[in-house]
Amino acid sequence: GDVMWEFTDTDDSNMGVAIPQPTIARMYNGKWAAIVGNGYNSGGNAELFIIDLETGAKLKEIDTGVGGDNGLTSPTPVDVDGDRITDYIYAGDLQGNMWKFDVTGASTSDWKIDFAGAPLYTACSADPCTGTNRQPITARPEVGISPPAGYFVYFGTGRYFAVGDNGVGTGANSVYAIRDKNEKGTPSPVLPTGGRSTLVQQSVLNEQYLTFGDYSEGIRVTTNYPITEGNDGWYLDLPTSGERQVSTPILRGGRLIFTTVIPSGDQCSAGGESWLMEIDALSGSRLAESPFDLNRDRSFDIGDFALLDPNDPDSPLVPVSGRKSTQGIIKTPGIVTDDRIEYKFASGSAGGIDTTIENAGKQRGRQSWREIQ
């Protein structure tokens, strides 16, 4: 009796297992809505549900038309002009498609898939994209500004919820940033059409252990290739077999922050391992300064750097891009800021809290304000 309403598979037969998280947002028809993907194991197509928050009635069901026991992940509504009304919605599916839904019309009949029904991008582990190298998207995407115009859509690939997903060799996965070059009102949509060939490839160069007194830190060093306006974005292949990115990334202070999961085949272990990665959001390259206080001296300097080539003692020292979890598998961390230092806390499968001391970067001081007259 305390429940306002319930939306189940009796309301829509295409409702799967509702793993995706709904988001509450205001729509152009004046309604507040719960926006959610149809979930997995629906047996059908990937679909987006927009549900009246007051009544539970379905305002709109947008079918992508892509099946194969597909399903849509948690959506990200975006307000691009600051009027606090949702303009676009981004969400991925199990077939590796990242969809953009245009909901700028005042009538629900105008709400549709952008790009004439085509996905913004289809994630595959290699070109050409085939039915065997698709990379499933199961985490909520993040969206940010892409200078000089348009937006970047950030997402990782991989699956970790079904029988067999705990295997160590479950396919190659990646993290992507794809440009949506179309601003609101653009008459002709522009899609990335070259697959991976038009993206900048960043890579994990090596993994090392750095020793500081009586403890050590597992770290990763990545490439720092530049990006141009002619590129449709960037991607980073996750280097370890079975590694995947299945939790919501964070866009913060010009960085893309995300965690990865590497399941373990050992039943007596804590389930596996994770890496906390921090890279430049616009290019995917390693940062110019250390994001981590690895030696725990509350400074972020060359003492937190690593050799570009660990086999060459004369190799230059560079900032690191990843830190290995000390508590097994972790997901998206919580963040506490103290002036120029940030603390990231993530509960781990080993039963403890993994703590990372970080450089707050550009996220300092007043970020915005409102004038009330």
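**Exercise 1. The pocket**

Which residues lie nearest the centre of the largest pocket, and how many residues line this pocket?

*Solution.* Start with the ground rules. This is a predicted model: local features need pLDDT of at least 70, side-chain atom pairs count only at pLDDT 80 or more, and totals for chains, interfaces and linings use all residues. Residues are numbered from 1 along each chain as its sequence is written, and side-chain values use heavy atoms, without hydrogens and water.

Next, the term. On a 1 Å grid over the protein atoms alone, a pocket is an open set of points with protein on both sides within 12 Å along at least five of seven lines; lining residues have an atom within 4 Å of a point.

Now the lining. It has 17 residues, and Ile19, Thr138, Val246, Ser247 and Lys331 lie nearest the centre. By class, 8 are nonpolar, 7 polar and 2 charged. The charged class is Asp, Glu, Lys and Arg; Gly counts as polar. The space in this pocket is about 360 Å³, taken as the space filled by probe spheres set on the points.

**Exercise 2. Strand β16**

Identify the partners of tryptophan 234 in β16.

*Solution.* Take β12 (residues 174-180): 5 bridges pair this strand with β16 in the antiparallel sense. Alanine 177 has tryptophan 234 as its bridge partner. Then take β13 (residues 199-202), which runs parallel to β16 and is joined to that strand by 4 bridges. Valine 200 also has tryptophan 234 as its bridge partner.

β16 (residues 233-237) is mostly covered, with 4 of its 5 residues buried (buried: under 20% relative accessible area; exposed: over 50%; partly exposed: in between; 1.4 Å probe, protein chains only).

**Exercise 3. The disulfide**

Locate the disulfide and classify both cysteines.

*Solution.* The structure holds 1 disulfide (cysteine sulfur atoms within 2.5 Å). Cysteine 124 is joined to cysteine 129, S to S 1.5 Å. Cysteine 124 is buried because its relative accessible area is 3%. Cysteine 129 has 35%, so this residue is partly exposed.

Key. On a 1 Å grid over the protein atoms alone, a cavity is a set of points where a 1.4 Å probe fits but cannot get out, and a pocket is an open set with protein on both sides within 12 Å along at least five of seven lines; lining residues have an atom within 4 Å of a point. Helices (H or I, at least four residues) and strands (E, at least two) are DSSP runs, numbered from the N terminus. Two strands pair if DSSP finds at least two bridges between them.
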